[in-house]
Amino acid sequence: MGDEPRDFITIEDRKGNRKEFAVEALFDMEEESYALLAGDDETIVMKIEGEEGNQYLVGIEDPLESEAILDAYQIAVEEAPAE
């Protein structure tokens, strides 16, 4: 992934702690939109909600759902890698 420019966002958790993440990918799955975010020590998936121009990220509370979405994304990337 070398020197590719990235977008960074800051996520604030429920305790008020802030953490910066790089936006690794934006993708759609089962009529929903998601963002794959990478931090220093973790990778998370968040759901994108709202209309274009007024979108926001929502955490996925169920760890099994989040893991299933991430697994499906990784399978899709392996099946059709970017050039």
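This is a predicted model: local features need pLDDT of at least 70, side-chain atom pairs count only at pLDDT 80 or more; totals for chains, interfaces and linings use all residues.

Student: What is the order of the elements in the protein chain?

Tutor: From the N terminus the order is β-β-β-β-β-α, which comes to 5 strands and 1 helix. The C-alpha atoms fill a box of roughly 40 × 30 × 30 Å along the principal axes.

Student: Why is Glu30 called exposed?

Tutor: Set the value against the cut-off. Glu30 has a relative accessible area of 76%, and exposed starts over 50%, so Glu30 is exposed. The same test works for Glu31: its relative accessible area is 84%, so Glu31 is exposed too.

Student: What makes the backbone of Glu30 and Glu31 worth a look?

Tutor: Their phi angles. Most residues other than glycine have a negative phi. Glu30, however, has a positive phi of about 50°, and Glu31 has a positive phi of about 65°. Glu30 is found in the loop between E2 and strand E3 (32–38), and Glu31 is in the loop between E2 and E3 as well.

Student: How do you know that E2 and E3 pair?

Tutor: Pairing asks for at least two bridges between the strands. E2 and E3 are joined by 7 bridges, so they pair, and they run antiparallel.

Student: What makes E3 and E4 a pair?

Tutor: The same rule: at least two bridges are needed, and 6 join E3 to E4, so these antiparallel strands pair. Ser33 stands opposite Ile48 in E4, and a hairpin of 4 residues joins E3 to E4.

Student: Why is E3 described as largely enclosed?

Tutor: Because 5 of its 7 residues are buried, E3 is largely enclosed by the rest of the structure.

Student: What makes a set of residues a nonpolar core?

Tutor: The residues must be buried, of a nonpolar kind, and joined through side-chain atoms within 4.5 Å. The largest such core here has 9 residues: Ala25, Phe27, Met29, Tyr34, Leu36, Val45, Ile60, Ile69 and Tyr73. E2, E3 and helix H1 (63–79) each give two or more residues to this core, and the largest share, 3 residues, comes from E2.

Student: Which rings form an aromatic cluster?

Tutor: Phe27, Tyr34 and Tyr73 are linked by ring pairs. Two rings pair if their centres lie within 6.5 Å, and the count by this rule is 2 aromatic pairs.

Student: What lines the largest pocket?

Tutor: The pocket has a volume of about 430 Å³. Of its 16 lining residues, Ile11, Asp13, Ile44, Met46 and Gly59 are the closest to its centre. Strand E1 (8–12), strand E2 (18–29) and strand E4 (43–51) each supply at least two lining residues. By kind, the lining divides into 8 charged, 6 nonpolar and 2 polar residues.

Terms used:
Residues are numbered from 1 along each chain as its sequence is written. Side-chain values use heavy atoms; hydrogens and water are left out. Rings of Phe, Tyr and Trp (its six-membered ring) pair if their centres lie within 6.5 Å; planes under 30 degrees apart count as stacked, over 60 as edge-to-face and the rest as tilted. On a 1 Å grid over the protein atoms alone, a cavity is a set of points where a 1.4 Å probe fits but cannot get out, and a pocket is an open set with protein on both sides within 12 Å along at least five of seven lines; lining residues have an atom within 4 Å of a point. Grid points are joined across faces, edges and corners, and a volume is the space filled by probe spheres set on the points. Ala, Val, Leu, Ile, Met, Phe, Trp, Tyr, Cys and Pro count as nonpolar, Asp, Glu, Lys and Arg as charged, and the others, Gly among them, as polar. Buried means under 20% relative accessible area, exposed over 50%, partly exposed in between (1.4 Å probe, protein chains only).
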